[in-house]
Amino acid sequence: MDQREGWIWFDGELKPWKDAKIHVLTHGLHYASCVFEGQRAYGGEVFKLREHTERLIASGKTLDFTIPYSADEIDAACREVLAKNNLVDAYMRPVAWRGSEELSVPARNNTVHLAIAAWVWPSYFSTEEKLKGIRLEWSKWRRPAPDTIPCKAKAAGLYMICTLSKDAAMANGYADALMLDYRGYVAEATGANVFFIKGKDIVTPTPDCFLDGITRRTLIALAKANGFTVTERHMKPEELGDFDECFLTGTAAEVTPVSQIGEFSFTPAEGCRTLIDAYSAEVQPKQVAAE
Ligand code: PMP
């Protein structure tokens, strides 16, 4: 990943990809004082760029640091990275972290850095291929309680159990893992939110201890516009057998149908197809009508 060609925006400068380096004694590396975003550009424009930028700034604030750039500057930097790398459809990763001035638990004397990278990460599968669905196993790790960790930040420390869960699932032949929360309710996958469909009714877990994804919120609006009712509530794992379809949402995952979660099977069908199509249309830059 670090040996590609291209340009990375790094503390206000565009640096050659291979030179975008940090010191080994960086606070963010040792103590997870690090927040990031995942966003996608479609047709040359980042979908919901300002929402991603605002979430990045808010995640930093939650970790008690201020990213030293305004939302306008960060948006402009994201556009600059796309243009400099000649990218039109791309995945983008802004990341902000505490630097290497001091290395022990306290962090307030360490400067805050920001870097932004972008690369091609296509949605590889056609709708037909996607509709086969992916298989998930239950994770042995649970999403922690809101008074255990700042669970609403998109912060590096929250991903330790995601990596453990996803690696374990993949080693067992599954595509991803589904995590319960600290109370035993259904929570989310390792980098995506989850929805369940029965007829025209959609149910999705209440995001009270995990990320309320930007794609999740987009999907709720699209589902309602397409005649579904959407209920956000706590869900017990044993209810999953009541649903016909299931899908994940996330910037990288977009809308990904699921065919299995542990002992429960789902058959991706019309509901998933409608929402995949609605999301694909939604992310395309809107044409401004000619005068
Ligand atoms: N949950 C987790 C743990 C994630 O990493 C992501 C991806 N950012 C999501 C949910 C979905 O968020 P979004 O739709 O904003 O990409």
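**Entry 1: strand S15 and its neighbours**

I began at the hairpin in which three residues connect S14 to S15; helices (H or I, at least four residues) and strands (E, at least two) are DSSP runs here, numbered from the N terminus. The model is a predicted one, in which I read local features only at pLDDT of at least 70 and side-chain atom pairs only at pLDDT 80 or more, whereas totals for chains, interfaces and linings use all residues. Residue numbers start from 1 along each chain as its sequence is written.

I then looked up the pairing, which requires that DSSP finds at least two bridges between two strands. S14 and S15 run antiparallel and are joined by five bridges, and I noted Val258 of S15 as the bridge partner of Cys246. With strand S8 (residues 134-143), S15 pairs in the parallel sense over three bridges, and there I found Leu136 opposite Ile261 of S15.

Which strand do two bridges join to S15 in the antiparallel sense? I found that it is strand S16 (residues 264-265), where Ser265 stands opposite Gln260. The hairpin of S15 and S16 has two residues between the strands, and Gly262 takes a positive phi near 50° in it.

I also checked burial, counting a residue as buried if 20 or more other C-beta atoms, placed from the backbone, lie within 10 Å of its own. Strand S15 (residues 254-261) is mostly covered, with six of its eight residues buried.

**Entry 2: the ligand shell**

I listed 15 residues around the ligand, of which Gly213, Ile214, Thr215, Gly250 and Thr251 come nearest; a residue is near if its C-beta atom, placed from the backbone, lies within 6 Å. Helix H6 (214-225) and strand S14 (245-250) are the elements that give two or more residues to this shell, and H6 supplies the largest share, three residues. By class I recorded five nonpolar, eight polar and two charged residues in the shell, with Gly counted among the polar ones.

**Entry 3: the two domains**

I noted that the protein chain is divided into domain 1 (7-119) and domain 2 (127-283), with bounds from an automatic or database domain assignment. Their centres, taken over C-alpha atoms, are separated by 26 Å. The contact between them takes 18 residues from domain 1 and 11 residues from domain 2, where contact means C-beta atoms, placed from the backbone, within 7 Å. On the side of domain 1 that touches domain 2, strand S3 (34-36), strand S4 (39-42) and helix H2 (49-62) each give two or more residues, and H2 gives the most, with five residues.

Technical notes:
Two residues are in contact if their C-beta atoms, placed from the backbone, lie within 7 Å. A residue is buried if 20 or more other C-beta atoms lie within 10 Å of its own, exposed if 12 or fewer, and partly exposed in between; C-beta atoms are placed from the backbone.
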